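Reader: I am new to reading protein models. Could you take me through one, feature by feature?

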Number of protein chains: 2
Amino acid sequence: MSHELFERHREVLEQAVAATRSREYFSAYNESPSPRVYGESAAAEGKQAFEALAGTTFPLTTPGADGTVATEKSPFGFTLDVSYPRVTESGVDELVTAAGAGLKAFRDAGPHARVGVCLEILHRLHGRVFELANAVQHTSGQAFVMAFQAGGAHALDRALESVAYAHEEMTRVPRTAVWEKPAKGEPLRMEKTFTPVPRGLALVVGCNTFPTWNSWPGLFASLACGNPVIVKPHPGAVLPLAITVQTAQQVLAEQGFDPNLVTLAAEDPADGLAKTLALRPEVRLIDFTGSNAFGDWLVENARQATVFAEKAGVNTVVVDSTDSFKGLTMNLAFSFALYTGQMCTAPQNIYLPGDGIETDDGHKSFAEVAAGIEAALGKLLGDDARAVELLGGVVNEGVLSRLADAPSQGEVLVASREVRHPAYDDAVVRTPALIGLDAKDADVYESECFGPVAYLIRTTGTAESIDLFRSTVIAHGAITASVYSTSSEVVESMRDAALDAGVALSENLTGQVFVNQSAAFSDFHGTGANPAANASFTDAAFVANRFRVIQSRRHV
Amino acid sequence: MSHELFERHREVLEQAVAATRSREYFSAYNESPSPRVYGESAAAEGKQAFEALAGTTFPLTTPGADGTVATEKSPFGFTLDVSYPRVTESGVDELVTAAGAGLKAFRDAGPHARVGVCLEILHRLHGRVFELANAVQHTSGQAFVMAFQAGGAHALDRALESVAYAHEEMTRVPRTAVWEKPAKGEPLRMEKTFTPVPRGLALVVGCNTFPTWNSWPGLFASLACGNPVIVKPHPGAVLPLAITVQTAQQVLAEQGFDPNLVTLAAEDPADGLAKTLALRPEVRLIDFTGSNAFGDWLVENARQATVFAEKAGVNTVVVDSTDSFKGLTMNLAFSFALYTGQMCTAPQNIYLPGDGIETDDGHKSFAEVAAGIEAALGKLLGDDARAVELLGGVVNEGVLSRLADAPSQGEVLVASREVRHPAYDDAVVRTPALIGLDAKDADVYESECFGPVAYLIRTTGTAESIDLFRSTVIAHGAITASVYSTSSEVVESMRDAALDAGVALSENLTGQVFVNQSAAFSDFHGTGANPAANASFTDAAFVANRFRVIQSRRHV
């Protein structure tokens, strides 16, 4: 078995493995869409490739598919009009059989061949990064630069990270070993062979907001470990994953593997295909990002599978004091505004003492903090042309409807406004709302209000803020948490609460790092230690269960 | 936090970690009970310590316990008459609260302190290895030397192996890292802290036959990762785990930790305590060895926990041909006889072509192979005094009843006989039965007949034997498999089938290694890839889910 692809990408893999261990900065894919990095024509060619798909059927075959389906609408105001092979319940038998057909040859090729295939797929996806950025922009509603970064370069880094983990896990046990036990007379001597084998079929259920960033880690971890992957995209964000599957199939076929090791199962939203697929006995691994309801359903019902689920949570900020009031308000405002708050990492619950906080700019009352955030939002979003590049578009009606309800839940400290997109007349763009609540309004702030709504919650002081943080996250989960304080005791107390609540903590972010962001190879995304997610991008637990080691032994 | 214990045991830990990676021979605890190894008085002192317990209440306090319970009877014919604090449903609240009380301090002590505690506990258990051997002998029915080895030295090795994995998993991410991202102007620079935190409470449900070997890997993996462990022993084998808990509590208390981080929850067999404990929301990890019925119940019902379950399976031997007929028959006979076949690794289904096999001693018909096994059993077990040291005692009535039923299931090729123990008049000792079946008797051989019953199954040839092996193990699971063949094609074909079935394969064992045995640090016990077990002793997947990493980050 040739390991040519593995050797070709070995250096980047080794750098990636080293970075997962040092947790220092590393990136294999440049996040700047600048022509100086990617060449003068790359951006235009990527856009053209995206636009050429309108009105076509995406060139991809899915076993068991019957007809096509076109379900995507850009939050910037147009339908994508791209059709995909449609899978319904009646085609699932054929799909599952076809998906499994290539398992054995892929298994027998060994970890290096599989990891080489994954690395080559990532390399080719990187070659299509502008096309992907357009696809992510016009399905998720992310502004272009964010789509390029979060949906392209950073997603590739997170995928590479999971391949690096898979490689390390599969190869930590040697291929063969000689075991020699001292014994009376001759020692007992045996040769042993160790083979990593896949668990079975893997199912990836994509989400609308981060179709690549959230799907690729599971997809590539499963594939590297030898599990055929059926990708069930969100009907609102099919294209980024169709490009992914197409690229994967090309590389697989070139290497002599069955291209159906990676398949796309697009559906009509009414079909409920994810449930059907998730209950198939052949499916042993499921990666899901989305609602609590479906994540919990998967864990309750797909008992034959190991489920990796990222669901909803209530991301929290405890504000105690700061040595940079301007930095605090700008940083929070940016975090609320980025992609219209439609991030699983966006802060929602901001606990603030009712009698205000001490800052470098003097004491600030509750109202003055709110006013500071409003001013910062104004700076960031005052100009429509600049605002849309930060906000992007509203991904779906649910977000709009929650935003419309927000004023009724408390005091409107900052109102949301409609923004007119200079390039897309029908784009749906909104700025964030900031709603004032009291600590007693737990019924409001204890559930996720996904979208551009943040709550400024009045507490009796930082001690209560930290208690509420701890208890709310233990009960309802969170992907992120942050604290602002000049007191080392308060920061220590928050660290302790974050360990109790099982959530990652950012401290005093007043510069150009935002709580929403997690950097591949260094930051763990989600912890698996609170109800918002039962897994993390990426740790050993995310990968170690995707394969098993089978040994054989014989005397020598 | 002092890491004195860690430093004291660092060398053995490092050797253990290296062995898990090389899979070469390693043992930290001498398996020979010889006075030359352990000193002249060790055996007598251990026996005395065991005997002194008769008629006493074991000196151990369990929060929430009410009164005591004495449930153990030696398969060698006497009641142990040792009482333990009894936990019933009404005491579970108090037990769970007490178990969790020390979690935070133990978590905050960090991985090195916790690993040091675990290594010291193992060191002290090794100091009590003769006492443990007596306790294992007179609960499981293992003969003394086996109890010393499998219940003592080898169990300690398997426990050390899981501590080594836990250590490596927890420390693969650094305690702190500095992340520096190039940016316009100043680079972005952050310090990050990574803390492994436990999942919650751990429950270990012990079994009657291997109270230490099967319980310690999960117990120590959970404890090293910071999870308080409630040990629910099998009512028939409490003492080995009571000694374990007592030793753990002593070390914990000496180190200033809450001794209730490890507790013993003994019960009356009618109490069904394991179910009550398993459903507690605080319990996030469960290790279980035992029946399919309860293992499946745990997976179905204890949904809040990660369940590591070793259940039943049908261990298989495919006999195609051999270059040592004598070696084959002696090896198989030994595997059937060892501890009366009461091992989850003992072979049960022996597939043999109906028209016999080629051997170094000429062609052997089906009947001649059976006769060869009978002769080998006769050699091994013909002398009662020697036989009892191999067979040990029958662990419970269920084994006797299955043995009594066996003759009705097929042709009795070798009959079981009662053996009189020279030292214990009331010991219940039996030799194995070999029952002839046809390939069509799937209803008999497709379920586990735990105990001294093996089936010699007539097939149309090795191709059918391998097909039956593959399909039966995929459907019903197995912990072990083995093949005898002089044909490299047949061995290759079995290796392939073993990968498909997800079971470890032993090839042509004709000497002093037996399919029943798995060596810590080198052989994986169970694979997690077939229905007999969803986990393995010990791989990364056995440990990686027992903790989560929580990070904090700040600008520097």
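Author: Start with pairing. Two strands pair if DSSP finds at least two bridges between them. Strands (E, at least two residues) and helices (H or I, at least four) are DSSP runs, numbered from the N terminus. This is a predicted model, in which local features need pLDDT of at least 70, side-chain atom pairs count only at pLDDT 80 or more, and totals for chains, interfaces and linings use all residues. Residues are numbered from 1 along each chain as its sequence is written, while chains are lettered from A and ligands numbered from 1 in the order in which they are written.

Reader: Which residue stands opposite Val318(B) in S14(B)?

Author: Tyr351(B) does. Val318(B) belongs to strand S12 (residues 316-319) of chain B. S12(B) runs parallel to strand S14 (residues 349-353) of chain B, with 3 bridges. S12(B) also runs parallel to strand S22 (residues 481-484) of chain B, this time with 4 bridges. There, Val318(B) stands opposite Val483(B).

Reader: How do I read the two faces of a strand?

Author: In a regular strand the side chains alternate between the two faces of the sheet. Next you need burial. A residue is buried if 20 or more other C-beta atoms lie within 10 Å of its own, exposed if 12 or fewer, and partly exposed in between, with C-beta atoms placed from the backbone. In S12(B), Thr316(B) and Val318(B) are on one side, Val317(B) and Val319(B) are on the other, and all are buried. Both faces of S12(B) are covered.

Reader: How many residues of helix H8 (residues 216-224) of chain B are buried?

Author: 9 of the 9, so H8(B) is largely enclosed by the rest of the structure. Trp216(B), Phe220(B) and Leu223(B) are among them. Just after H8(B), Gly226(B) takes a positive phi of about 95 degrees.

Reader: Is Trp213(B) buried or exposed?

Author: Trp213(B) is buried, because 29 other C-beta atoms lie within 10 Å. Trp213(B) sits in the loop between strand S7 (201-205) and H8 of chain B. Now look for contacts: two residues are in contact if their C-beta atoms, placed from the backbone, lie within 7 Å. Setting aside neighbours within four places in sequence, Trp213(B) has contacts that include Ala150(B), His154(B) and Arg158(B). The C-alpha atoms of Trp213(B) and Leu156(B) are 7.6 Å apart, yet these residues are 57 apart along the chain.

Reader: What about the nonpolar core?

Author: In soluble globular proteins, nonpolar side chains tend to be buried together. A nonpolar core is a set of buried Ala, Val, Leu, Ile, Met, Phe, Trp, Tyr and Cys residues joined through C-beta atoms within 7 Å. Here the largest such core has 400 residues, and Ile286(A) and Ile286(B) have the most contacts inside it. Not counting residues up to four places away in sequence, Ile286(B) touches Leu203(B), Leu298(B) and Phe308(B), among others.

Reader: Which residues have a positive phi without being glycine?

Author: Asp81(A) is one, with phi near 60 degrees. Asp81(A) is exposed, since 12 other C-beta atoms lie within 10 Å. Arg23(B) also has phi near 60 degrees. Arg23(B) is buried, with 22 other C-beta atoms within 10 Å.

Reader: Where is there a cis peptide bond in chain A?

Author: From Phe537(A) to Thr538(A), with omega near -20 degrees. Chain B has a cis bond from Phe537(B) to Thr538(B), with omega near -20 degrees.

Reader: How are two copies related?

Author: Two copies of a chain are related by a rotation about an axis and a shift along it. Copies are superposed by least squares on the C-alpha atoms of residues with pLDDT (the predictor's confidence in each residue, from 0 to 100) of at least 70 in both. Here chain A can be laid on chain B by a turn of 180 degrees and a shift of 0.0 Å along the axis, with an RMSD of 0.0 Å. That is the relation of a two-fold axis. In chain A, Ala541(A) has the C-alpha nearest the axis, at 3.3 Å.
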